[in-house]
Amino acid sequence: MTEGEAGAGVAAGAGSGVAAGSGSGAGGNVGSGSGTEPLAPVGPRRRLANALRTTIIATVAADVDDGTVLAAAEEVEDLNRRLAAAAGPDKLPRRPPDFGAEAQEYFPTSPVIGWCNPLAPPVEVQVVDGRDGGFREIAGTAWFDYPYEGPPTCVHGGVIAETFDELLGASLLAAGLPGMTGTLTIRYRKPTPLRAELRLEARCLRQEGRKVFAWGAIHHGDTMTAEAEGVFIMVGPSRLLAIAEGNIESANPAMLEAIRAEALREGAASDVHPA
């Protein structure tokens, strides 16, 4: 389940100023890679995320003097105060992904593919027909900029791991068999280059009871740089509700109510009652 773009009015009040100055002072080629370009017509929240993404790249890699950095910090701190003043007391509500939507919309605030999350590169994904008439699959592209660097000139191994977790999970949504990660095994075959066009693929392999198996790979040109296998566990609404209620301090009331309603619709558990 993912966060939607509700509450975009908060971003609308602050996004224009950020977008106008994003990346200023970065210099050279910092922030000029293909990964920083808008991926689609943007609403206020996506515009803000795009602007902040460029700022993050500049924070990590721009060769500028301390005075410029301090001035930028003051502007960002002022923006944070404005956002905090405009925000309500609750977290932005989450909504379940729509299996019929474009894959890029499965997780709008994901740290991997989320257009609305400035921490995401973001990785671009789409649903394609499966091989030999099998499950629908995920195909995608990625461009990892300086904030995702591990060894010099290479993508961080942890970033590759979270990318696979997302890709394999999305492939299960495309197949109509969503689940939570049980195990994720990654083989780092070659260093994955930073700031390079990468091709991604992921597919659901099979289902065995509540376990669903998936595979994915990252390619640079004709070279497979990494691949992953995952075992995911299908979780019903009742169990999902129990997990969310166990993390009640970070749970949004609207999100809990949506999960509770789904559990009631499916009659998943006799101990699930309306709030």
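Modeller: Let us begin with confidence: pLDDT is the predictor's confidence in each residue, from 0 to 100, and a contact means heavy atoms within 4.5 Å. This is a predicted model. For residues 268-275, pLDDT stays under 50, and the model has 15 contacts there beyond four places in sequence. Residues 32-40 also stay under 50, with 20 such contacts.

Colleague: What is the mean pLDDT of the protein chain?

Modeller: The mean is 81, and 75% of the residues of the protein chain reach 70 or more.

Colleague: How many helices and strands are there in the protein chain?

Modeller: The protein chain has six helices and eight strands. Read from the N terminus, their order is β-α-α-α-β-β-β-α-β-β-β-β-α-α.

Colleague: How many residues lie between β7 and β8 in their hairpin?

Modeller: Two residues lie between them, and G221 in the turn has a positive phi of about 65 degrees.

Colleague: Turning to burial, what share of the residues counts as buried?

Modeller: A residue is buried if its relative accessible area is under 20%. Of the 275 residues of the protein chain, 39% count as buried. Buried nonpolar residues may then be joined through side-chain atoms into a core. The largest nonpolar core has 34 residues, and V123, I138, F144, F164 and L167 have the most contacts inside it. Two or more residues each come from β4 (137-142), α4 (157-175), β6 (198-208), β7 (211-220) and β8 (223-233). Helix α4 gives the largest share, ten residues.

Colleague: Which residues does F144 touch, not counting those up to four places away in sequence?

Modeller: F144 touches P121, V123, V155, V159, T163, L194, R195 and L198. The relative accessible area of F144 is 2%, so this residue is buried.

Colleague: How many aromatic pairs are there, and why is the pair of Y106 and F107 edge-to-face?

Modeller: Ring centres must lie within 6.5 Å, and planes over 60 degrees apart count as edge-to-face. By this rule there are two aromatic pairs. The ring centres of Y106 and F107 are 6.2 Å apart and their planes stand at 75 degrees, so this pair is edge-to-face. The other edge-to-face pair is formed by F144 and Y148, with 5.8 Å from centre to centre and 70 degrees between the planes.

Colleague: Are Y106, F107 and Y148 buried or exposed?

Modeller: Y106 counts as buried because its relative accessibility is 0%. F107 is also buried, at 15%, and Y148 is buried at 11%.

Colleague: Which residue lies over the face of F213?

Modeller: For a charge over a ring, one examines the distance to the ring centre and the angle to the ring normal. In this model, R206 lies over the face of F213, at 4.0 Å from the ring centre.

How values were computed:
Residues are numbered from 1 along each chain as its sequence is written. This is a predicted model: local features need pLDDT of at least 70, side-chain atom pairs count only at pLDDT 80 or more; totals for chains, interfaces and linings use all residues. Side-chain values use heavy atoms; hydrogens and water are left out. Rings of Phe, Tyr and Trp (its six-membered ring) pair if their centres lie within 6.5 Å; planes under 30 degrees apart count as stacked, over 60 as edge-to-face and the rest as tilted. Buried means under 20% relative accessible area, exposed over 50%, partly exposed in between (1.4 Å probe, protein chains only). A charge sits over a ring if NZ of Lys or CZ of Arg is within 6 Å of the ring centre and within 35 degrees of the ring normal. A nonpolar core is a set of buried Ala, Val, Leu, Ile, Met, Phe, Trp, Tyr and Cys residues joined through side-chain atoms within 4.5 Å. Helices (H or I, at least four residues) and strands (E, at least two) are DSSP runs, numbered from the N terminus. Two strands pair if DSSP finds at least two bridges between them.
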